[in-house]
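User: I have a sequence and a model on my screen. Can we go through them by question and answer?

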Amino acid sequence: MDVLEQCRSWTAEHLRTGGGDCYYRAISGTSDGTEVEFEGKRVIMAASHDYLGLSADPRVREAAVAAVRRFGTSLGGSRAVSGSLDLHEELEDRLARFLGHEAAAVLPSGYQANLMLAPLLTAGRYVYSDLLNHASLAEVIRLGDAAERKFLHGDMDHLNELLTAASGADGADGKIILTDGIFSVGGDICELPDLMKLADAHGAHVVVDSSHDLGVLGPNGAGAGDHFGLRPLLVTSALSKSLASVGGVIAGPAEVIHYLRFHARTALFTAAAAPANVAAALAALDILQSEPERRARVLDLAEQLHRGLRALGYDTGTSLTPIVPVLTRGRERCLRMWQELCGAGVFTAPMTYPAVRAGREVLRITLTAAHTDQQLVRVLAAFEEVGRKEGLVPPVPTRRTAPDTGGRPAVIPPTRTRAFTG
Ligand SMILES: Cc1ncc(COP(=O)(O)O)c(C=O)c1O
């Protein structure tokens with residue numbers, strides 16, 4: 001089929017089935033990050049991963065502005081040649097220490113941070129990947145030459161089987177296990193202690209993508225490793241979530257980071273992260289470390305949101321983190337509810353194929369540390385109204401728990417990776 005025909009027929013079908021209505025929709029303004037202007041109306045932004053509510057923080061904004069004044073808008077070259085600033089090195093040192101590693105490399109995006117792993121996925125190695133890992137981890141496996149083994153989501157028995165079965169020339173050069181720390185759609189936490197035990201038993205290395213747990217989990221807010229008191233070989237993360245910026249990081253042993261800087265094409269052949277983004281991440285890291293109450297707040301709001309939605313009759317899966325997936329079961333309903341929720345003043349994230357398998361569609365909601373109790377109440381009211389219309393919420397709710405707005409600090413014990421109960 002000709003390329004034009006390929007795109008024409010797909011686009012016609014996509015628009016016919018409503019796919020064009022909910023994605024790539026422009027927002028025209030945001031003041032404090034918790035509400036945005038959308039189609040001439042002010043709606044609550046409940047789809048951003050700015051977990052600590054720092055993207056609108058004056059300290060972060062001012063740091064970005066100061067970096068633009070000092071260094072300009074672009075470095076016009078790659079880190080390897082002309083685009084390295086002392087600011088990049090400062091962020092790398094700070095992030096390495098924060099994540100408990102010797103060294104780190106900062107990339108222009110989190111996607112690229114994961115693509116940095118490609119030179120390690122050589123022929124002769126096995127790479128084990130959780131089925132629900134982020135698309136960028138799936139992508140780096142396609143870039144590499146290692147033999148891929150996918151394990152069922154969070155299924156340590158399956159991983160053990162695959163690790164045990166690996167033999168012969170393919171596995172001679174070692175094994176690498178890739179997992180998200182918090183899974184980006186389901187919101188559940190990886191089974192890191194069991195996974196690392198298996199890795200030890202089979203001589204495998206572990207890489208954790210901490211994009212969604214950095215800033216959220218752990219006594220120091222350093223993510224899944226900090227939460228469980230464990231240190232995988234490598235940690236990657238986007239800077240676009242708790243660090244209120246755009247960029248990515250990979251942290252690990254100094255020799256590994258050095259090797260990857262010189263072998264990963266995603267680092268060598270791309271422009272350096274912009275000064276404003278680096279400065280914003282540094283300022284956000286300062287705040288993350290000095291204001292742990294933000295972490296407590298985002299977890300507390302998440303727990304209230306989970307409880308409120310479940311009391312209404314919604315299924316929020318096994319998540320117990322600020323990623324709150326509301327199962328809609330069906331693409332059409334997911335897209336329709338997204339529109340209805342916008343009408344009711346709440347902007348959510350519709351997750352349909354290819355983000356999830358057909359039939360596993362969810363509306364993903366996240367409230368940040370900057371959202372107010374009042375906004376939480378409004379989000380729940382919108383879900384109640386829309387859920388009634390859709391027949392997902394019974395006419396008279398069986399049990400309606402008023403959100404507990406006491407603001408008590410929430411901590412997820414390391415022994416729990418799934419669903420709030422009770
Ligand atoms: C788990 C995970 N890894 C990596 C990425 C990619 O990060 P970025 O958006 O900075 O490219 C994302 C972002 O959506 C993510 O959720």
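**Salt bridges, helices and surface**

Analyst: This is a predicted model. Arg16 pairs with Glu13 in a salt bridge, with the closest N and O atoms 3.0 Å apart.

User: Where do Arg16 and Glu13 lie, and how many residues apart are they?

Analyst: Both residues sit in helix α1 (residues 3-16). Their spacing is about one turn of the helix. That is three residues apart.

User: Is Arg16 buried or exposed?

Analyst: Over 50% relative accessible area counts as exposed. Arg16 has a relative accessible area of 60%, so Arg16 is exposed. For Arg16, the class is exposed.

User: How many salt bridges does a search of the whole structure find?

Analyst: The pair of Arg16 and Glu13 is a salt bridge. Arg294 and Asp57 also meet in one. The search of the whole structure gives 20.

User: Which residues are linked with Glu35 in a network of salt bridges?

Analyst: Glu35 forms a salt bridge with Arg42, the closest N and O atoms being 2.9 Å apart. Glu35 is buried because its relative accessibility is 10%, whereas Arg42 is partly exposed at 44%. The residues linked with Glu35 in the network are Glu37, Arg42 and Arg378.

User: How many residues apart are Arg294 and Asp57?

Analyst: Their side chains meet in a salt bridge at 3.6 Å, N to O. The pair links distant parts of the chain: Arg294 is in helix α13 (residues 293-312), and Asp57 is in the loop between β3 (41-45) and α3 (58-71). Both residues are buried. They are 237 residues apart.

User: What span should helix α14 have, and how far apart are its end C-alpha atoms?

Analyst: Helix α14 covers residues 331-343, which is 13 residues. At 1.5 Å a residue, the helix should span 18 Å. The end C-alpha atoms agree with that, at 19 Å apart.

User: Which residues in α14 are buried?

Analyst: Buried means under 20% relative accessible area. In α14, the residues in that class are Cys334, Leu335, Met337, Trp338, Glu340, Leu341 and Cys342.

User: Which residue with a positive phi follows α14?

Analyst: Phi there is near 95 degrees. The residue is Gly345.

User: Where does Tyr24 lie, and what is its phi?

Analyst: Tyr24 is in the loop between α2 (19-22) and β1 (29-30). Tyr24 counts as exposed because its relative accessibility is 86%. Its phi is positive, in a residue other than glycine, and near 55 degrees.

User: What is the phi of Arg329?

Analyst: Arg329 is in the loop between β11 (324-327) and α14. At 48% relative accessibility, Arg329 counts as partly exposed. Its phi is positive, though the residue is not glycine, and is near 50 degrees.

User: Is the peptide bond from Tyr353 to Pro354 cis or trans?

Analyst: Pro354 lies in the loop between β13 (349-351) and β14 (362-365). Omega of the bond is near 10 degrees. The bond is cis.

User: Which residues gather with Glu90 in a patch of negative charge?

Analyst: Glu90 is in helix α4 (residues 86-99). At 40% relative accessibility, Glu90 counts as partly exposed. The residues with Glu90 in this surface patch are Asp86, Glu89 and Asp93.

User: Which residues make the nonpolar surface patch of about 260 Å²?

Analyst: One of them, Leu132, is in the loop between β5 (126-130) and α6 (135-143). Leu132 counts as partly exposed at 47% relative accessibility. The patch is made by Leu131, Leu132 and Leu152.

Definitions and conventions:
Residues are numbered from 1 along each chain as its sequence is written. This is a predicted model: local features need pLDDT of at least 70, side-chain atom pairs count only at pLDDT 80 or more; totals for chains, interfaces and linings use all residues. Side-chain values use heavy atoms; hydrogens and water are left out. Patches are made of residues with over 30% relative accessible area and no salt bridge: like charges are joined within 9 Å, nonpolar side chains (Val, Leu, Ile, Met, Phe, Trp, Tyr) within 5 Å. Accessible areas come from the Shrake-Rupley method with a 1.4 Å probe; for residues, only the protein chains shown count as cover. A salt bridge is a side-chain nitrogen of Lys or Arg within 4 Å of a carboxyl oxygen of Asp or Glu. Lys and Arg count as positive and Asp and Glu as negative; His and the chain ends are not counted. The place of a charge is taken as NZ of Lys, CZ of Arg, CG of Asp or CD of Glu. Helices (H or I, at least four residues) and strands (E, at least two) are DSSP runs, numbered from the N terminus. Buried means under 20% relative accessible area, exposed over 50%, partly exposed in between (1.4 Å probe, protein chains only). The expected span of a helix is 1.5 Å times one less than its number of residues.
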